[in-house]
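This report describes the fold, the annotated spans and the packing of one protein chain.

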Amino acid sequence: MLSNYLHEFLGLALIHFLAVVAPGPDFAVTIRQSIHFGRWVGIFTAIGIGVGISVHVIYTLIGVGPLIHSTPWLMTVAKIIGGVYICYLGIQFIRSKPEQADFVLSHEAPVQQQNLRRAFFIGFMTNATNPKATLFFLAVFTTVVSTTTPLSVQVFYGVWMCMVNAAWFILVSWLFSNSVIRLKFIQMGYWFERVIGLILIGFAIRLVFISA
């Protein structure tokens, strides 16, 4: 059945991946945890971030999503707002400056240990309480996912996004545990973010055009 929704899934997966890899609160927390407490703490923080996504998926599927889908004019408004928000993200990424990564170079004394359960909780709460994540999921599920897409397929989408989030930030944790790689990324990371911003703006324009 998923093959019937492959085009929709690829569109959803692309915009989600671009949003995930662009530095933000989750990215900053994962790096900080990895730098100060080591690789395993960073990995458990990343897993917590991935699980935190499920909070947004659940309330989108059982609450806000169905309400919007059942109200045509509200759907149109949501699509426009969603497209504008995605465009806003793109603009914010384009305005990225090297100074945004200065937190990595702080000279704070590292703490020697952190409980892995606490690391998971920090990652979970960072994502679950992020209002930008709320807007992002509302935007994505009302602009990319069709009203005719079965709930089981939408659940698959949600599980996929949770797994991608966790996998990406586990990779980030692994990379930024190495000081050489960390510093090299900081030197050029803002250019990477600007490219992602341009792609998101292009996607947002397409969404608004289709919804008009």
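The sections below go from the overall make-up to single residues.

## Basis

This is a predicted model, in which local features need pLDDT of at least 70, side-chain atom pairs count only at pLDDT 80 or more, and totals for chains, interfaces and linings use all residues. Residues are numbered from 1 along each chain as its sequence is written, and side-chain values use heavy atoms, with hydrogens and water left out.

## Overall make-up

The protein has eight helices and zero strands; helices (H or I, at least four residues) and strands (E, at least two) are DSSP runs, numbered from the N terminus. Of its 212 residues, 45% count as buried, where buried means under 20% relative accessible area, exposed over 50%, and partly exposed in between (1.4 Å probe, protein chains only).

Among contacts (heavy atoms within 4.5 Å) between residues at least 6 apart in sequence, 89% join residues at least 24 apart.

## Annotated spans

An unreviewed UniProt entry lists residues 6–28, 40–61, 73–91, 157–176 and 188–209 under "transmembrane region". UniProt positions are given in the numbering used here, feature names are shortened, and annotations may be inferred rather than shown by experiment.

In the model, residues 40–61 are 100% helix and 0% strand, with end C-alpha atoms 32 Å apart. Residues 157–176 are also 100% helix and 0% strand, and their end C-alpha atoms lie 28 Å apart.

## Nonpolar core

A nonpolar core is a set of buried Ala, Val, Leu, Ile, Met, Phe, Trp, Tyr and Cys residues joined through side-chain atoms within 4.5 Å. The largest one has 39 residues, of which Phe169 and Leu200 touch the most other members. Elements giving two or more residues to this core include helix 1 (6–21), helix 3 (39–69) and helix 8 (179–211). Helix 7 gives the most, with eight residues.

Leaving aside neighbours within four places in sequence, Phe169 is in contact with Val20, Asp26, Phe27, Thr30, Ala46 and Ile49. Val20 is one of the buried residues of helix 1, among them also Glu8 and His16.

## Gly123

Gly123 lies in helix 5 (residues 116–128) and is buried, with a relative accessible area of 0%. Not counting residues up to four places away in sequence, Gly123 touches Thr45, Gly48 and Ile49. The C-alpha atoms of Gly123 and Gly50 are separated by 8.1 Å, although the two residues are 73 residues apart along the chain.
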